[in-house]
Amino acid sequence: MKYWKLDLPHTPALALARQMLEDCLKAYEVPAEGENEACRIVCAVTPDPSLPPEGYRMRIHTEGPAQVVEITAATDVSVLYGVSDFVNLLVPRAEQTHTWMKPYYFRNPFQEGFEDIDGVYAPKVRRRGLWTWGYVIYDYRRYLANMARLKLNELVIWNDFAPLNAAEVVACAHQLGIRVIWGYAWGWDTSINVCLSDEALLSRLANEVVERFEHEYATLPGDGIYFQSFTETTEQELDGRAIADVVVPWVNGICARILEKRPELELQFGLHATSVVQKLDRIAQIDPRVRIVWEDCGAFPYTYLAEDVAHVKEAEALTRQIAHLREHGAAGIVTKGMICLDWTDFVHRRCPERIGECSAEQITARLPMARRVMRLAQSYWLQNGSHLQSVVRLLSEGDPGCQILALMEDGLFEAAIWLPTALFAATLWDFEIPFSQLLAETAQRPDVVFANAPASCPL
């Protein structure tokens, strides 16, 4: 019987990679050591200018009686991506016999061998991430680890207050190659209660935004600030003024003051298309140093319900406009269709708190509803997931540096990699793969959870 050796450097990212490999070997009942010939999985971090950003090389070849799996990349995080693909995509593919008998459906590739390969793999979308309220991250370490398993690299955390354990969250995220963007409201709450014709009030609110940034966020560890202002409505005008005409100079003024003090800071303007779609030429005047991250641009993948595809062509047309709106200045989108907060009992947080450190009991209590919602969501992702591919392709063609996020809040993502989230991540990695193939490969990932089991069943 063959036994397999693991050769990995010791870093936090590669500790997760080692855990994934060890779990995989255990699942296939492969000994980690023995007296017969040894096969090896070698993971190496080495400079390679020929590799694209975040790319890795996977080479499987035979040396005498042993096989060697080599995964090399310029960073430990890219090596982790390669390990994730090996464990979750290549191994399930290699175990298939493509028959129903002799052997019975499956073979053990660790004992019977893998096909030789030599390929380079890299993401087609550079900035791939999730968007969530911070207080519904129940276990930030597992949440971030699951993001890394899916090769996601950005997390927007929106919260009423900057978390008390922000430094710990950011440190953990950075170790896994994940950028953290802190989000909070500028002159806006859960509804627009500001008179947009009151210039004195707008000036005072602008001062408050800058002061809050200086007091709470200027020295906060992280990679940027995400904000929203006055656009979460279906109305084009408020108080006799076009929202676009008010928000552009207001946002530009605040951003200029912040960037004067922190020129290296990334600012992201979360903007709801429903209130400005008739004035895109005005929105194009947002400071080019500020990334515009669009929401609510029409049918799925922009809607909360993945069943909503009645006006998908209009959504694609708007995506094309967004992608080409500004000659200078990056774009992004927040897709939806997974799971959001239960707004029927929403209450603002009353004070700063630590996030992502909930008890197992709290997770268990939330799980039945999360599973129920995700069961509904996944059914329509199976049907409509190709629409996400279309939107991602359109945005990427217009803006190669685009940012694509998915709303995943209060969905127990730390407890389960649900099928829609895995499909989202796989689409961003390579949106050119036919959807039927992408769906089949994602469904076969051993770490993906279908939400069809009864609520009482463990994950």
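This is a predicted model: local features need pLDDT of at least 70, side-chain atom pairs count only at pLDDT 80 or more; totals for chains, interfaces and linings use all residues.
1. K151 touches Y81, D85, R128 and W429, leaving out residues up to four places away in sequence; contact here means heavy atoms within 4.5 Å. K151 is buried, with a relative accessible area of 6%, where buried means under 20% relative accessible area, exposed over 50%, and partly exposed in between (1.4 Å probe, protein chains only). The residue lies in the loop between α4 (140-149) and β7 (154-158).

2. Residues are numbered from 1 along each chain as its sequence is written, and side-chain values use heavy atoms, with hydrogens and water left out.

3. The secondary structure of the chain comes to 13 helices and 17 strands. Helices (H or I, at least four residues) and strands (E, at least two) are DSSP runs, numbered from the N terminus. Along its principal axes, the C-alpha trace spans about 80 × 45 × 45 Å.

4. The radius of gyration of the chain is 23 Å, which agrees with the value near 23 Å for a compact globule of 459 residues. This radius is taken over C-alpha atoms, and the globule rule is 2.2 Å times the number of residues to the power 0.38. Of the contacts in the chain with a separation of 6 or more, 80% are between residues 24 or more positions apart.

5. Buried residues make up 55% of the 459 residues in the chain. The accessible surface comes to about 19700 Å², and 52% of it belongs to carbon and sulfur atoms; accessible areas come from the Shrake-Rupley method with a 1.4 Å probe, and for residues only the protein chains shown count as cover.

6. The chain carries 42 positive and 61 negative side chains, and the centres of the two sets lie 2 Å apart. Lys and Arg count as positive and Asp and Glu as negative, whereas His and the chain ends are not counted. The place of a charge is taken as NZ of Lys, CZ of Arg, CG of Asp or CD of Glu.

7. Which residues touch the most other members of the largest nonpolar core? They are F86, F110 and W294, in a core of 160 residues. The largest share of this core, 11 residues, comes from helix α7 (residues 243-261). A nonpolar core is a set of buried Ala, Val, Leu, Ile, Met, Phe, Trp, Tyr and Cys residues joined through side-chain atoms within 4.5 Å. Beyond its neighbours within four places in sequence, W294 is in contact with residues including L271, L280, I322 and V334.

8. Helix α12 (residues 419-429) is largely enclosed by the rest of the structure, because 10 of its 11 residues are buried. Among them are L419, F424, L428 and W429. W429 is also one of the residues that K151 touches.

9. L51 has its place in the loop between β2 (38-45) and β3 (56-63), and L51 is buried at a relative accessible area of 12%. Setting aside neighbours within four places, L51 is in contact with Y56, R57, T72, A73, A74 and V120.

10. G119 is found in strand β5 (residues 117-121) and counts as buried at 13% relative accessibility. Not counting residues up to four places away in sequence, G119 touches Y56, R57 and M58. From G119 to Y380, the C-alpha to C-alpha distance is 34 Å, with a sequence separation of 261 residues.

11. A cis bond joins K102 and P103, with omega about -5 degrees, and P103 sits in the loop between α2 (76-94) and α3 (109-112). The bond from F300 to P301 is cis as well, with omega near 20 degrees; P301 is found in the loop between β13 (290-295) and α9 (312-323).

12. F230 is not a glycine, yet F230 has a positive phi of about 65 degrees. This residue lies in the loop between β9 (224-228) and β10 (237-238). Is F230 buried or exposed? F230 is buried, with a relative accessible area of 1%.
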